[in-house]
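You asked for a quick read of this one before you open it yourself. Here are my notes, in the order I would look at things.

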Amino acid sequence: MNIAAISFDVDATLIDTDRVIMRSMESVRDELKERVPGERTRSLTVEQMWYIRDQEEKGFEGSLKDYDEIRRRSFFRMLDHVGYTGPDLSTRLNEVYLKHRYNDIEPYEDVVPMLDALGSRFKLGLLSNGNNYPEYFGLADRFDFAVYAQDIGIEKPDPRTFQITAQRAGCGLEQLLHVGDSLVTDVEGAQAVGVRAVWLNRDGASNETGIEPDYQIASLAELPALLSLV
């Protein structure tokens, strides 16, 4: 394959972000129930809170997402949803959320063995649209380069994100392999600039997009064998 470097998406590729966010939301809901008694708060579900958060994120479509601002607006809307009119509680909700959001993150079980197997053969790095840095999930010293959308001002699948990644990896685009869970942002984005892409399909989802990844795996445990055989 003539691969010199491998870039990884982070969310849903290296860490189960949705699970962590759900647990953090549950903590915020418990805090709300304690501080804002009433029927509206008692009936508030994590799914409703997630919906509120998603609606705020949609306000950033077409622009770079500011996750701190999305979260701040979401908490204001949640307080309004339960009918709260007292002194500002959004700061406290944010503290509760962040305590769990960044203390409970762990990589998937297949991540560390995969890094151990590949770290001596390839430069390994990150290319993410999110805000989960490797120090948050115990892998601060495992990567040679990192590109985060919020730091460079552009998001995948913008071709420039992959070009910057190759530059930081010190290789050509044809020597870079990208691994991620999204067919659109990871696979199609990478292939558009000549970067080969591995679709990590952990849940066995069907592909009805017309996007054809160069390779498909169900676990990162398959990646070392793929790189040794192809």
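This is a predicted model: local features need pLDDT of at least 70, side-chain atom pairs count only at pLDDT 80 or more; totals for chains, interfaces and linings use all residues.

1. The protein has 10 helices and 6 strands. Its C-alpha atoms fill a box of roughly 60 × 35 × 30 Å along the principal axes.

2. On burial, 47% of the 230 residues count as buried. The protein exposes about 11100 Å², and carbon and sulfur atoms supply 45% of that area. If you look at contacts between residues at least 6 apart in sequence, 59% of them join residues at least 24 apart.

3. Now the sheet. It is an open one, built from 6 strands in the order E3-E2-E1-E4-E5-E6, and the pairing is parallel. Strands E3 and E6 (215–217) stand at the edges with a single partner strand each, so one side of each has no neighbour in the sheet. On average, neighbouring strands are turned by 20° against each other, ignoring direction.

4. Take strand E4 (residues 176–180) as your way into the sheet. Strand E1 (residues 5–8) runs parallel to E4 and is joined to it by 4 bridges; for Phe 8, the bridge partner in E4 is Val 179. E4 is also joined to E5 by 4 bridges, again running parallel, and here Gly 180 has Trp 199 as its bridge partner in E5.

5. What covers this part of the sheet? Helix H9 (residues 183–191) packs on the sheet, touching both E4 and strand E5 (196–200). The direction of H9 makes about 165° with that of E5. As for E5, that strand is mostly covered, with 4 of its 5 residues buried.

6. On to the aromatics: how many aromatic pairs does a search of the whole structure find? It finds 4. One of them is Phe 75 with Tyr 97, an edge-to-face pair at 5.9 Å centre to centre, with 65° between the planes. Phe 75 belongs to helix H4 (residues 67–81) and Tyr 97 to helix H5 (residues 90–103), so this pair ties together parts that are 22 residues apart in sequence. Both Phe 75 and Tyr 97 are buried.

7. Another pair to look at is Tyr 102 with Tyr 136, which is tilted: 4.5 Å centre to centre and 50° between the planes. Tyr 102 is in helix H5, while Tyr 136 is in the loop between strand E2 (123–128) and strand E3 (145–148), so the pair links distant parts of the chain, 34 residues apart. Tyr 136 counts as partly exposed, because its relative accessibility is 30%. Tyr 102 and Tyr 136 also belong to one aromatic cluster together with Tyr 133 and Tyr 148.

8. One more ring deserves a click. Arg 202 lies over the face of Tyr 108, at 3.7 Å from the ring centre.

9. Last, have a look at Thr 17. Its place is in helix H1 (residues 17–35). Is Thr 17 buried or exposed? With a relative accessibility of 10%, Thr 17 counts as buried, because the cut-off for that is under 20%. Leaving aside neighbours within four places in sequence, Thr 17 is in contact with Asp 11, Ala 12, Arg 101 and Asn 132.

Note on methods: Residues are numbered from 1 along each chain as its sequence is written. Side-chain values use heavy atoms; hydrogens and water are left out. Rings of Phe, Tyr and Trp (its six-membered ring) pair if their centres lie within 6.5 Å; planes under 30 degrees apart count as stacked, over 60 as edge-to-face and the rest as tilted. Helices (H or I, at least four residues) and strands (E, at least two) are DSSP runs, numbered from the N terminus. Buried means under 20% relative accessible area, exposed over 50%, partly exposed in between (1.4 Å probe, protein chains only). A charge sits over a ring if NZ of Lys or CZ of Arg is within 6 Å of the ring centre and within 35 degrees of the ring normal. Two strands pair if DSSP finds at least two bridges between them. Axes are lines fitted to C-alpha atoms, for helices over the stretch in contact, and angles run from 0 to 180 degrees between N-to-C directions. Contact means heavy atoms within 4.5 Å. Accessible areas come from the Shrake-Rupley method with a 1.4 Å probe; for residues, only the protein chains shown count as cover.
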